[in-house]
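I had this model open today and jotted down what I looked up.

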Amino acid sequence: MKYDFDKIINRADTNCVKYDLRKQVFDNPDVLPMWVADMDFETPDFVRKAVIERAEHPVYGYHFKDEPYFQSIAGWLKRRHQWDVPTEWMSYTPGVVCGFTMAVMAFTQPGDEIIIQPPVYPPFHHAVSSHGRKLVYNTLVDRGDSYEINFDQLAEQAKTAKMLILCNPHNPVGRSWTRNELLLLGEICLKNNVLVISDEIHCDLVLPGYKHTPFATLGHQYAMNSITFHAASKTFNLAGLATSTAIVPNETLRKTYIAYVEDMEAHLGNIFGKVSTQAAMTYGDEWLGQLLDYVQGNIDYVAEYLTTHLPKVKFHKPQATYMMWLDFNGYGFSEEELWHKMTQEANLGFNRGKDFGEAGSGFFRINLACPRATVEEAMRRLKSVF
Ligand SMILES: Cc1ncc(COP(=O)(O)O)c(C=O)c1O
């Protein structure tokens, strides 16, 4: 079966963050919205079917996640990433951000140092700073053709830190970390007793030619010093259903974590998150293959367009995610001027780079999980202003 990713779907007036909050976020209700990391594609038919079937039952009472649910996730992780995950390592969390924030609360104390690697997804910053923990920035280094980890700095920072929140693969720079890079990071953390929280929500969006390494597959001792978060939400467009999985190989950590989640009354979740995730994890392979090819086509289109028409915009092609991280500093405008030009003159709603940390000043993140026609229109608008 061939899926149609060119189809334009009107998402306006569905209480949709990406479209219906444009006025508040961009001070312009007419920007072409290419910001929030969800997709303008239809959630696949086999997922919608599962949701509709369950919705037909007239009672939506409390429910629980059963063994077949967790087995569907285990099957997916095994097929896609060659990772054997016993189902007893898994537990439900109501979203990855909520999940890693609860890990911050369960395993650190106010005042503790937590390392993150900016530019990085804004909630990494908030999960630490909003709860009285201390942010330590192991800022990624742009080596010209890709972003890399500053391991010397990390080795120093790890001496006093309690936790590191890893974005694997990395949003927004699109790195799919290699096994070697992860080993170096894991070694430093292990040696210094720094717990690794590995956010792997983008792991199924590793692009053709690259391979995801789950942090916990590096070896037994690394797995025992980690908590991984996985979700079908980013990959299959289910973010509104707030469903994700914590994978905790270490039994002691697992007991502490689950007790915390239960104390927060955050362990039950919603019925539709269950049925949609289970369907995606069971039937999603073929659809995902086609999605990744389509997204790669969008990325190639943008790369070619920028190189030809807007060579001052610098970028590295992403290895994972449907985002591109674009550097507009070559134009010499201030951050405020750039924001104004983008949102008020080009009428484009991209994510503002500095929201990912100071290292993102003068950058924009563009979401390419949309029909090609949207991407083409965005490029035309960019060209007309820059
Ligand atoms: C790295 C990363 N983690 C987590 C999330 C959001 O996860 P959730 O909606 O499950 O909280 C996103 C969404 O963009 C993300 O990019």
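My entries follow, starting with the ground rules.

**Ground rules.** I am working with a predicted model, where local features need pLDDT of at least 70, side-chain atom pairs count only at pLDDT 80 or more, and totals for chains, interfaces and linings use all residues. I number residues from 1 along each chain as its sequence is written.

**Domains.** I looked up the division first: domain 1 covers 17-44 + 285-385 and domain 2 covers 60-283, with bounds from an automatic or database domain assignment. The contact takes 25 residues from domain 1 and 31 residues from domain 2; contact here means C-beta atoms, placed from the backbone, within 7 Å. On the domain 1 side, helix H13 (285-309) and strand E11 (323-327) each supply at least two residues, and H13 gives the most, with four. Helices (H or I, at least four residues) and strands (E, at least two) are DSSP runs, numbered from the N terminus. By class, I noted 13 nonpolar, eight polar and four charged residues on that side of domain 1. Nonpolar means Ala, Val, Leu, Ile, Met, Phe, Trp, Tyr, Cys and Pro, charged means Asp, Glu, Lys and Arg, and the others, Gly among them, count as polar.

**Helix pair.** I then checked helix H4 (residues 67-81) against helix H12 (residues 271-283): their axes come within 8 Å and cross at roughly 35°. Axes are lines fitted to C-alpha atoms, for helices over the stretch in contact, and angles run from 0 to 180 degrees between N-to-C directions. Among the contact residues I noted Tyr-69 and Trp-76 of H4, and Lys-274 and Met-281 of H12.

Most residues other than glycine have a negative phi, and most peptide bonds are trans, so I went looking for exceptions. The bond from Pro-118 to Pro-119 is cis, with omega near 0°, and Pro-119 is in the loop between strand E3 (113-116) and helix H6 (122-129). Asn-168 and Pro-169 are also joined by a cis peptide bond, omega about 0°. Asp-27, not a glycine, has a positive phi of about 55°.

Technical notes. Contact = placed C-beta atoms within 7 Å.
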